[in-house]
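The entries follow in the order I looked things up.

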Amino acid sequence: MVIGITCYPVAGGSGVVATELGQQLAMRGHQVHFIAYALPFRLDRYQTNLMYHGVETTAYPLFKYPPYTLTLAAKMAEVVRSFQLDILHVHYAIPHATCAFLAKQLLAATSSKQPKIITTLHGTDITLVGSDPSFYDITRFSILSSDKVTAVSKYLAHETKEVFKIESNIEVIYNFIDGDRFKLDNDKKNRHEFAHDNEYLIAHISNFRPVKRILDVIDIFNKIAEKLPAKLLLIGEGPDTILARRQINKRNLTDKVVFLGNQCRVEAVLPCADLFLLPSEEESFGLAALEALACGVPVIGTSGTGLVEVVDDYKNGFLLPVGDTSSMARAAISLLQDKERLSAFKKQATKSAYAKFDAEKVVSDYETLYEKALNE
Ligand code: GMT
């Protein structure tokens with residue numbers, strides 16, 4: 001198949017999933033075309049069958065805001081026409097699904113081949129952005145105009161149907177991990193750069209947005225560090241990075257925290273960690289938690305979110321109510337202190353991650369969906 005993929009190219013789960021899906025599809029012999037305003041974050045090497053088409057934004061004095069959605073739609077139509085795309089797979093509803101709809105209209109107007117539009121919903125496109133009244137109608141319209149819609153968890157599919165009153169099918173296709181990269185026995189040789197042998201290493205990865213509750217991460221870590229020797233490894237950056245730094249200084253934790261910023265090969269450092277924290281307010285899936293589990297790192301996260309489909313409570317992590325940092329810290333301390341249980345959790349982490357979320361299976365699910373769309 002010839003497949004176009006549009007995603008946000010910056011660090012973040014939806015872009016990561018889109019990029020890794022494209023890479024996997026290209027490895028399977030499909031021709032994949034990325035259409036985005038920048039080279040996607042994890043698209044860090046040349047690969048056969050994989051191409052990137054940049055979308056320019058036009059600066060013109062009359063445009064207070066450059067009309068990116070229009071240039072994206074026009075670029076989508078151009079790439080479809082030039083490479084005869086069968087599928088246009090857009091990640092994140094706003095504005096990508098809307099642009100795909102517009103591209104399809106442009107193609108119809110010139111009687112060109114029209115691709116099938118697949119929209120994958122990732123999270124805040126529905127839970128926050130999509131339900132903002134000013135985006136509600138356009139998000140609903142864009143979802144309904146897609147040929148197929150997928151959500152990355154049952155939780156998100158259910159939320160979407162409820163919020164947008166959608167009756168048509170939303171297929172759940174989980175996020176995935178590549179078994180060649182995310183492994184329990186990955187090299188831990190860098191561990192000494194972050195923590196001493198007698199210290200526990202606690203990790204967190206996110207785009208540091210308010211929804212990730214970075215202050216809770218620091219509070220949980222602080223409570224752990226009061227009882228046990230520990231270091232905190234922070235990966236990623238975003239609007240709340242400054243807040244995190246301030247809080248770390250205020251609590252005199254500067255010597256105990258390592259900031260790595262954005263990293264595209266997190267599998268090189270994740271296996272060094274003993275525990276992963278993701279106390280988000282909202283999480284449709286929690287790809288970072290899955291990547292941690294795959295590397296054998298148990299997760300402490302929040303209940304009532306999509307994390308319940310990723311983390312097996314009491315088997316490879318603990319899920320507790322949003323904001324309950326005391327319980328999260330207590331769970332972390334008791335797990336870290338119980339060597340036998342910690343080791344069982346670590347083994348179970350990798351095992352359950354691959355039982356449900358192996359790329360081999362999930363990428364085939366996307367292929368099947370594309371074929372279904374093409375045959376309708
Ligand atoms: O929707 C977002 O917040 C952005 C998106 C991203 O690009 O990071 O994250 C969402 O998609 C990820 C990939 O499917 C999921 O793993 C995250 O749980 C989800 N984020 C939220 O729901 C907050």
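Where does Phe 208 lie? I found Phe 208 in the loop between strand 8 and helix 8. The model is a predicted one, and I read every value below with that in mind.

I looked up phi for Phe 208 and got a positive value of about 45 degrees, although Phe 208 is not a glycine. I then checked its accessibility: Phe 208 counts as buried because its relative accessibility is 0%, and the cut-off for buried is under 20%.

I took Tyr 314 next. Tyr 314 sits in the loop between strand 12 and strand 13. Its phi is also positive, near 70 degrees, and Tyr 314 is not a glycine either. Is Tyr 314 buried or exposed? I noted a relative accessible area of 56%, so Tyr 314 is exposed.

I noted another positive phi at Lys 165, near 50 degrees, in the residue that follows helix 6.

I also checked omega. The peptide bond that joins Ile 94 and Pro 95 is cis, with omega about -5 degrees. I placed Pro 95 in the loop between strand 4 (87-91) and helix 3 (96-109).

**Entry: helix 6**

I listed the buried residues of helix 6 (residues 154-164) as Tyr 155, Leu 156, Ala 157, Thr 160 and Phe 164. What do these buried residues of helix 6 pack against? I found strand 5 (116-121), helix 4 (124-127), helix 5 (133-145), strand 6 (148-151) and strand 7 (171-172). For reading such lists I kept in mind that an α-helix has 3.6 residues a turn, so residues three or four places apart point the same way.

**Entry: helix 8 and helix 9**

I looked up the packing of helix 8 (residues 214-227) on helix 9 (residues 241-250) and got an angle of about 25 degrees, with the axes 9 Å apart. The two helices are therefore roughly parallel to each other; the cut-off for that label is under 35 degrees. I recorded the crossing of helix 8 and helix 9 as right-handed.

Which residues meet in this contact? From helix 8 I have Ile 214, Leu 215 and Ile 218, and from helix 9 Leu 243, Ala 244, Gln 247 and Ile 248. I sorted the residues of this contact into six nonpolar, one polar and no charged.

**Entry: helix 10 and helix 12**

Leu 290, Leu 293 and Ala 294 in helix 10 meet Ala 349, Thr 350, Ala 353, Tyr 354 and Phe 357 in helix 12. I counted seven nonpolar residues in the contact of helix 10 with helix 12, one polar and no charged.

I then picked out Glu 291, which is in helix 10 (residues 287-294). Glu 291 counts as buried because its relative accessibility is 4%. What does Glu 291 touch, not counting residues up to four places away in sequence? I have Val 16, Arg 42, Ile 177, Phe 182, Val 266 and Leu 270 under that condition.

**Entry: helix 11**

I checked the length of helix 11 (residues 325-337): it has 13 residues and reaches 18 Å from its first C-alpha to its last, close to the 18 Å expected at 1.5 Å a residue. I noted as buried in helix 11 Thr 325, Ser 327, Met 328, Ala 329, Ala 331, Ala 332, Ile 333, Leu 335 and Leu 336. Their cover includes strand 8 (200-205), helix 8, strand 11 (275-278), strand 12 (299-302), strand 13 (317-320) and helix 12 (339-357).

I looked at Gly 301, which is in strand 12. Gly 301 counts as buried, at 0% relative accessibility. I noted that Gly 301 touches Leu 278, Leu 307, Phe 318, Leu 319, Leu 320 and Met 328, not counting residues up to four places away in sequence. Gly 301 and Gly 317 are 16 residues apart in sequence, and I read 7.8 Å between them in space, C-alpha to C-alpha.

The other glycine I took is Gly 13, in helix 1 (residues 13-27). With a relative accessible area of 39%, Gly 13 is partly exposed. I read 24 Å in space from Gly 13 to Asp 219, C-alpha to C-alpha, with the two 206 residues apart in sequence.

Technical notes: Residues numbered from 1 in each chain as written. Predicted model: local features only at pLDDT ≥ 70, side-chain atom pairs only at ≥ 80, totals over all residues. Heavy atoms only, no water. Axes fitted to C-alpha atoms, helices over the stretch in contact; angles between N-to-C directions. Helix = DSSP H or I, 4+ residues; strand = E, 2+ residues; numbered from the N terminus. Parallel < 35°, antiparallel > 145°, perpendicular 65-115°, else oblique. Left-handed = near helix turned anticlockwise from the far one by under 90°. Contact = heavy atoms within 4.5 Å. Nonpolar A, V, L, I, M, F, W, Y, C, P; charged D, E, K, R; others polar. Expected span 1.5 Å × (residues − 1). Buried < 20%, exposed > 50% of the residue type's maximum accessible area, 1.4 Å probe, protein only.
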